[in-house]
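Thank you all for coming.

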Amino acid sequence: MKKKLSVMILALTLLLPGTGAFAIDGSESPNGGVIGHIYSTDILTYVNGEPIDAYNIGGKTVVIAEDLGDWNYGYTYDYNDEDRLLSVESYFYLPWQEHGAIPRGQTGQILGDVYQTDIKVTYNGIEVTGYNIGGRTAICIEEIGDTAGSPHETYGYSKHLAYHVWNPAEKTISLYSYFNNIDDMLGNHISRVAFTFADNVLYATADDDVPWGSIFPSVNGIRTDSGEDAYTYYYTEEFGDQKYVMSPLYLDIGGSRTEIGTCVAVWEEDIETDRTYLQLDDPAAAISLAASVKTPAKTYDEAMAFLTEKYELKDRIDNDNYTVLLLNDENKNDLVYAVKKTGGYAKLSEWAAEYDKTVGILFGEDEHEVIVTVHPYTDPHGKPTTLHESHRLDLWYNFD
């Protein structure tokens, strides 16, 4: 976590004799005139639920753009000196690390000057006011989170894909950015359902080979297997051109669609690719709706007969709860399936045919754990080893 400047340190830095007007990278600003002051504030400020140092400029609450650049607030930032552009971008996930509490300050103390600047500041691709406070750039919480007149006003978000909440009783202000929570639905929650996604529609179909929720890239709703990042999708030209525009997210089951949240397509400059982030209004309700597409699970005998007739059996292991099968398909790829003694089966993993390696299966110390081994293998230094525990699989989440 980045070490933050305390109000006192910032005040001393800004008030040092001879302090001039500086751009965000520390170089002297070509404009440089003093246009106002930055003040201390007694308002406690939070960004995505985490406390952050804040100040007062012109009666508005401002935070330092560089502080937001800490991914633990849910953002990244970049400065391009050639273009004189500072970009703050949502990471589209909530912070994963806590920030220490910040004590309430006093109000009205002048901490330094605000200078003219030619630096342009954008927040999620849209320009916001940037305040040069002598080497750092401040941006306004109220401006970023203003939902009035926003194209996303219906969803409660500003044009910057954020919103703010002012609590006058507690004298707190909070900024929240749009975040992705589709993993609340997909991550180890739904087995035997395959999802595809195109434009703003999530398609759910029954598929006993899917151990737990995954989204596959798709074209016009047709599943296409891909090794690409799970949040990279195909779009129609019309939808793909609408970056940073919120759209309703629909779950399609057999042609019947239910609105379950929103989604946003973005262009991520650092990896030069399109991505879409999905936010569910009620993950539990979406899970229940998607799970309704499942067909009844095969009995143990039906599953064993189906798999051993479809594939070549290479090995099997059994315990009181499961039979785990190592199978070969027609292309000699190694497939690992688990069949539950009480009924149902799930595909655990697939290994491309490698004729110089042998795939094996064994139970771990826990009765619900399977270890897939590959040998001979090499260690991180390239030295051959006799056995590589390549994949530990927890069986419990692969079944209802």
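Predicted model: local features only at pLDDT ≥ 70, side-chain atom pairs only at ≥ 80, totals over all residues.

Let me begin with an open sheet of 4 strands, in which the order is 6-7-9-10 and the pairing is mixed; strands here are DSSP runs of E with at least two residues, numbered from the N terminus, and two strands pair if DSSP finds at least two bridges between them. Strand 6 (75-80) and strand 10 (126-128) are at the edges with a single partner strand each, so one side of each has no neighbour in the sheet. On average, neighbouring strands of this sheet are turned by 25° against each other, with direction ignored, where the axes are lines fitted to C-alpha atoms and angles between N-to-C directions run from 0 to 180 degrees. Within this sheet, strand 7 (residues 85-90) pairs with strand 9 (residues 120-123) in the parallel sense over 4 bridges, and Ser87 has Thr122 of strand 9 as its bridge partner.

Residues are numbered from 1 along each chain as its sequence is written, and side-chain values use heavy atoms, with hydrogens and water left out.

Another open sheet, also of mixed pairing, has 4 strands in the order 3-2-14-13, and its edge strands, strand 3 (50-51) and strand 13 (162-167), each pair on one side only. Strand 2 (residues 44-47) and strand 14 (residues 172-177) run parallel and are joined by 4 bridges; in strand 14, Thr172 is the bridge partner of Leu44, and Leu175 is that of Val47. Strand 2 and strand 3, by contrast, run antiparallel and are joined by 2 bridges, with Pro51 of strand 3 as the bridge partner of Tyr46.

What is the phi of Asn48 in the hairpin of strand 2 and strand 3? In that hairpin, which has 2 residues between the strands, Asn48 takes a positive phi near 50°, although Asn48 is not a glycine. Asn48 also counts as buried, at 7% relative accessibility, where buried means under 20% relative accessible area, exposed over 50%, and partly exposed in between, with a 1.4 Å probe and protein chains only. Lys332 likewise has a positive phi, of about 70°, without being a glycine; Lys332 lies in the loop between strand 23 (322-328) and strand 24 (334-340), and is partly exposed, with a relative accessible area of 39%.

Now to the cysteines. The count comes to 0 disulfides, taking a disulfide as a pair of cysteine sulfur atoms within 2.5 Å. Cys140 is buried at a relative accessible area of 4%, and Cys263 counts as buried at 0%.
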